[in-house]
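I opened my notebook to get to know a new structure. Here is what I looked up, entry by entry.

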Amino acid sequence: MNEIGYIEAVGIYYPGALSKIRKSDNLLQPIFEAFTNSLESIRLLKERHKLDAKQSITISLYFTKNLFSKENFSYNFQKVVIEDTGIGFDDIEFQRLIALNNNEKGFSNKGTGRVQYLHSFNKTLISSSYIDKSSSTGYRSRVFTLSKSEPFLKKNAIIRIEEGNGEVLNTDKSSTILTFENILKEQDTKFYNLLTAEELRDNILKHYLGHFCENREDLPEIVIRKVVGNDILKELQIKSEDIPIPNEEKDVDVYYSKIGVNGIEKTSNKEILKLKAFKLPKEKLDKNDLILVSKGELASRIKLENLLANDQIDGNRYLFLLSGDYINQRDSDTRGKIDIIKRKDLKKRDEIDLFESEEILLEDIEDKTNSTILEIYNEIKMLNESQKKNIRELQRMFLLNPKTVNSLKKKIGVNDSDDTILRKVYEADAKIIAEGDAELKKQIKELSSLNTSKPDYKEKLREQVDELVKAIPIQNRTALTHYVARRKLILELFDKIIKKQLDIQKQDSRNIDEKLLHNLIFQQSSDNTETSDLWLLNEDYIYFNGTSEGQLGKILIDGNNILKESLSEEEEIYKLKQQGDATQRRPDILLFPKEGKCIIIEFKSLDTNISEHLNQINRYASLINNLSQEKYNFHTYYGYLIGENIDIDDIEDNDSDFKSAHKLNYIFRPYKRISGKFNKKDGALYTEIIKYSTLLERAMIRNKIFIEKLTKPIK
């Protein structure tokens, strides 16, 4: 029997050790820990003493009225009292408690849940009665306090034996009364001041739903009270009718495995497990779960495929409890640990007891149970198939790395939107890139340390270069894949516009094909070629200075107008000759690759007859040639007239200088003299007439080459 006083620790220093165990973010965690211990205490009473009488757990929230508050129902939290009629703190259970002081198995091995008492409350008083056949009445008391306050830690203790400990009690049952007093943190006090019996009951139901579902017919009497002064203001119960009934129960047959001649093989022996399936509103179930149940107690979680913890379907979540004699037999001394072997562990037995032992493998339990779940709930199966199809489509559309996507199978849920899936993939890619960058740095550092005077220098250099050659493509691959995937989407949009498949093309009575195509290739009123999709015409064009639908008189190169700001009388007349003020005209696209050269691009709608617009580019070339500033020295022009309604005969009848490049599927005019005026030299204009569909075909071929390179596995 312990003497009154502190129980000083041996082999552990509490002031340092306690700080290593973090206080739970859940402010109800101390109550949950105590409630779990009460459930365990009742189970042990039944097991050890064969008592089948109905037991009870009562949780009482004690408050005092706040006399200084203007609100009628304002209370100050006083204490929590948790009473149970379990086995009590007999010698065995008390030794388990004070095992916190024993470092033979490590501080965190047992009882760390009770450390939550210490982190939340200054004082936890436990008064217990337990069976002791050596006493005259058959019962004794055990009274002690848990705390990490200064008097305790000065003694390197967290437990103190109190007066009344060991006394013979005149009672006919064992029990424990646990009292939490004096909250340590002010923010916790605010929480407990507002805590109601209803909220506590709902939280306990939600937190212990799995246990309650498994034991709904054998629950102790569970009472939650709110007490103000000496008055019970509210008393609630958790009864079996509050606990959901399984939607379905199914047998799960799992066959034994053993090491055979050809590796692991199934035997004809099997175990039959019982699966209970629950579909519950998300408000009542925090997360989807698949849990092994041993002897009526929740033991350990196993892999639940096809649903992430937070997934929901039509506002419901799912709980699956798997039980059976085999699981009971595999329960260990450590609560919640089921000793079921994995495939890799069975393989290790190859050389030790080949052909001898048979085992049920954890992977087989998981696989068979998860396939049974899909049989029970078709909505899970259908939603998974739909999500997998969507992921394949995203993978195809954005050229996602199959290896990355495969690695995220357990992290992509049925409720994940496209942007969530893509974010997860890109974050995983970013991690790979970061690891690769670190490896590159390491390789480069090792390169710099090579000693050219050593005989193995060349061999070491070859090895380092090989590693760099492997690493660099992996780094560039992800960024390039995203770039090419975007281009792939642009090509698909280009194709839809040409085929007039966009909703706006079907709904809008106006012909907006030209505008859509123009904005696709180079956004109107923009001068940022780098962010354009001019690569559809030519890969080099995104690197040139240029403008899209800019007013001719306001187009700048390096901050200066390309046209003269001050014109002679003759130049003013010339400016006005072509359908009004030429400086107000807006060419679709102008690009300036280098000094003296200008690219002029004009788009036409899909139905427009190109033959009617053969002189448009000539006129722009003439204006720029004759009204531009001398310093730009424009003399060479390249024109592109792009449409879809192109007839070679009609074009040649209008301008016989145009020729057909049959094999390349475009029409060109190699030379057109641009007459020089106002002391300007003549310019030269090369012109191509090309279909949108031809541009699309060429761009698709170029992008396909990239895609084939990127999707080819890295060796």
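I began with surface patches, which are made of residues with over 30% relative accessible area and no salt bridge, where like charges are joined within 9 Å and nonpolar side chains (Val, Leu, Ile, Met, Phe, Trp, Tyr) within 5 Å. Accessible areas come from the Shrake-Rupley method with a 1.4 Å probe, and for residues only the protein chains shown count as cover. A salt bridge is a side-chain nitrogen of Lys or Arg within 4 Å of a carboxyl oxygen of Asp or Glu.

I also noted that this is a predicted model, where local features need pLDDT of at least 70, side-chain atom pairs count only at pLDDT 80 or more, and totals for chains, interfaces and linings use all residues. Residues are numbered from 1 along each chain as its sequence is written, and side-chain values use heavy atoms, with hydrogens and water left out.

**Entry: a charged patch**

Which residues form a negative surface patch? I found Asp-647, Asp-649, Glu-652 and Asp-653. I then placed Asp-647 in the loop between strand S20 (636-643) and helix H20 (648-654). Helices (H or I, at least four residues) and strands (E, at least two) are DSSP runs, numbered from the N terminus. Asp-647 counts as partly exposed because its relative accessibility is 37%, the class between buried (under 20%) and exposed (over 50%).

**Entry: two asparagines**

I looked up Asn-633 next, and its phi is positive, about 50°, although it is not a glycine. Asn-633 sits in the loop between helix H19 (616-627) and S20. With a relative accessible area of 42%, Asn-633 is partly exposed.

I found Asn-665 in the loop between strand S21 (659-661) and strand S22 (666-674). Its relative accessible area is 44%, so Asn-665 is partly exposed.

**Entry: the sheet**

How many strands does the open sheet have? I read 9 strands, in the order S1-S6-S5-S4-S7-S3-S2-S8-S9, with mixed pairing. The edges are strand S1 (5-6) and strand S9 (231-238), each pairing on one side only. Two strands pair if DSSP finds at least two bridges between them.

I followed S4 (residues 121-131) to S7 (residues 175-183): the two run antiparallel and are joined by 8 bridges. Phe-121 stands opposite Ile-183 in S7, and Thr-124 faces Phe-180 in S7. S4 also runs antiparallel to strand S5 (residues 139-146), again with 8 bridges. There, Tyr-130 has Arg-140 of S5 as its bridge partner.

Definitions and conventions. Lys, Arg positive; Asp, Glu negative; His and termini not counted. Charge placed at Lys NZ, Arg CZ, Asp CG, Glu CD. Buried < 20%, exposed > 50% of the residue type's maximum accessible area, 1.4 Å probe, protein only.
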